Amino acid sequence: MKVLLVEDDYDLSDMYVAALTASGHKVSVVHNAQAALDFLENNKVNLLVLDLLLPGHNGLNVLHELRTYDDWRLLPVIILSNLNREETGISVAHLHELGVTSYLVKSQTKPHMLVQAVAKISEPNRANL
Amino acid sequence: MSNTGNVQIQKQSLSQMDVVATAAHELKTPLSLIAGLSSMLKKGELGTVDETQAHYLEKIEYSSDRLLRLTEGLIAMNRYTSDASAMQFEAVEVGSVITQVIAELEPLATQHKQEVVFKSKRALPVILANHQSVYQIFFNLIDNALKFSPTGSSVVVTARVTGEHLHVQVRDRGVGISSKELKQLFRRYGNNPQPSSTMPGSSGLGLYIVKNLVELQKGTITAQPLVRGTCFKVELPTIQQLSLFDPEF
């Protein structure tokens with residue numbers, strides 16, 4: 001799969017890229033919301049792994065804007081955040097509406113668990129919220 | 001005058017908790033990195049490691065995971081004690097949570113030839129609780145029990161329902177606690193009892209967090225010194241009619 005990882009911490013992004021690449025995925029990384037949307041405008045990906053707390057605009061803003069474009073309306077998204085869902089105040093229903101297939105909390109997600117979540121994207125009935 | 005003094009102390013205490021919670025937030029990223037990289041190294045995903053290296057990498061991973069759980073507990077406790085309405089309640093299968101915790105602590109237990117046994121005569125009811133808090137409570141209690149138990153011993157977790165309460169006991173075979181230590185046990189800077197020689201001690205912050213989270217679930221927690229070890233008893237209210245509650249799943 002071609003994956004775009006949006007993660008502002010360079011060390012964490014290195015770790016996740018290493019894990020995903022070792023599992024055969026082609027991973028691109030950007031570190032803020034603007035760069036994410038710029039990248040998607042010019043490149044095709046199969047999956048977006050998206051941090052929420054980003055410099056400038058947050059990941060939710062990225063997601064809302066993403067869904068306004070026909071090309072990206074159905075792009076699968078995994079959220080990978082330091083915040084648990086309760087801390088964000090976002091309901092599961094809203095995450096479903098935004099097309100989020102998994103909500104992962106970084107402190108509870110080892111790299112191999114992210115790899116497993118990405119592997120599930122290609123499976124049917126894949127939502128895991 | 002005394003009321004003003006009490007308000008000032010309370011404000012200072014809340015401010016201190018804010019500082020602690022802010023620090024805890026800052027720790028999450030570096031700790032996630034340590035835990036994640038040590039996991040990858042241990043599994044040989046970043047190059048070959050020998051058995052000895054894998055053994056010590058597992059210790060690094062486990063220690064950073066424990067610190068992550070502690071920071072999450074501090075953040076949760078800070079958030080909920082300053083704003084109880086922030087706590088989201090939902091239907092929680094406590095049995096599943098305990099089983100999950102035991103599975104996550106299994107590597108630690110195995111390292112010291114310990115085991116955690118979970119006994120429940122009947123299927124446990126679903127209770128109205130905060131899932132993260134319930135996880136934190138039992139993670140801290142069982143982790144603590146393993147930490148203070150000797151090599152080769154068992155930690156026994158039992159659960160039962162009587163009336164409108166779920167009772168969970170976590171019993172260890174550690175060195176136990178004196179009546180003097182008992183009074184300090186759930187305080188923020190209370191000292192844990194003298195640990196067994198196989199395990200390091202701790203500041204007891206975990207039990208302070210547990211007590212706060214239990215009470216936020218409208219429950220109670222007590223510690224009973226035993227001849228051999230200690231038994232922690234958690235009591236949580238159950239709900240009888242889930243139809244009265246519309247959880248956000």
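A:Lys110 and B:Glu61 are both buried. This is a predicted model. Their side chains meet in a salt bridge, with N to O at 2.7 Å. The pair crosses between chains. A:Lys110 sits in the loop between strand E5 (100–105) and helix H6 (111–121) of chain A, while B:Glu61 belongs to helix H2 of chain B.

B:Lys42 forms a salt bridge with B:Glu61, and the closest N and O atoms are 2.8 Å apart. B:Glu61 counts as buried because its relative accessible area is 9%, under the 20% cut-off. B:Lys42 has 22%, so B:Lys42 is partly exposed. Shared partners join A:Lys110, B:Lys42, B:Glu58, B:Glu61 and B:Asp65 into one network of salt bridges.

Another salt bridge pairs B:Arg79 with A:Glu86, at 2.9 Å from N to O. This pair also crosses between chains: B:Arg79 is in helix H2 (residues 51–82) of chain B, and A:Glu86 is in helix H4 (residues 85–88) of chain A. B:Arg79 has a relative accessibility of 19%, so B:Arg79 counts as buried. A:Glu86 is buried too, at 13%.

| A:Lys110 | B:Glu61 | 2.7 Å |

Over all chains, the search of the whole structure finds 12 salt bridges. Side chains of opposite charge can pair when their charged atoms come close.

Some charges gather on the surface instead. B:Lys119, B:Arg171, B:Arg173 and B:Arg228 form a positive surface patch. B:Arg228 is placed in the loop between strand E6 (220–225) and strand E7 (230–237) of chain B. Its relative accessibility is 53%, so B:Arg228 counts as exposed.

Now the fold of chain A. Its secondary structure comprises six helices and five strands. From the N terminus, the elements run β-α-β-α-β-α-β-α-α-β-α. The C-alpha atoms fill a box of roughly 30 × 30 × 30 Å along the principal axes. A compact globule of 129 residues would have a radius of gyration near 14 Å, and chain A agrees with 13 Å. Of those 129 residues, 54% count as buried.

Technical notes
Residues are numbered from 1 along each chain as its sequence is written. Chains are lettered from A and ligands numbered from 1 in the order in which they are written. This is a predicted model: local features need pLDDT of at least 70, side-chain atom pairs count only at pLDDT 80 or more; totals for chains, interfaces and linings use all residues. Side-chain values use heavy atoms; hydrogens and water are left out. Patches are made of residues with over 30% relative accessible area and no salt bridge: like charges are joined within 9 Å, nonpolar side chains (Val, Leu, Ile, Met, Phe, Trp, Tyr) within 5 Å. Accessible areas come from the Shrake-Rupley method with a 1.4 Å probe; for residues, only the protein chains shown count as cover. A salt bridge is a side-chain nitrogen of Lys or Arg within 4 Å of a carboxyl oxygen of Asp or Glu. Lys and Arg count as positive and Asp and Glu as negative; His and the chain ends are not counted. The place of a charge is taken as NZ of Lys, CZ of Arg, CG of Asp or CD of Glu. Helices (H or I, at least four residues) and strands (E, at least two) are DSSP runs, numbered from the N terminus. Buried means under 20% relative accessible area, exposed over 50%, partly exposed in between (1.4 Å probe, protein chains only). The radius of gyration is taken over C-alpha atoms; the globule rule is 2.2 Å times the number of residues to the power 0.38.
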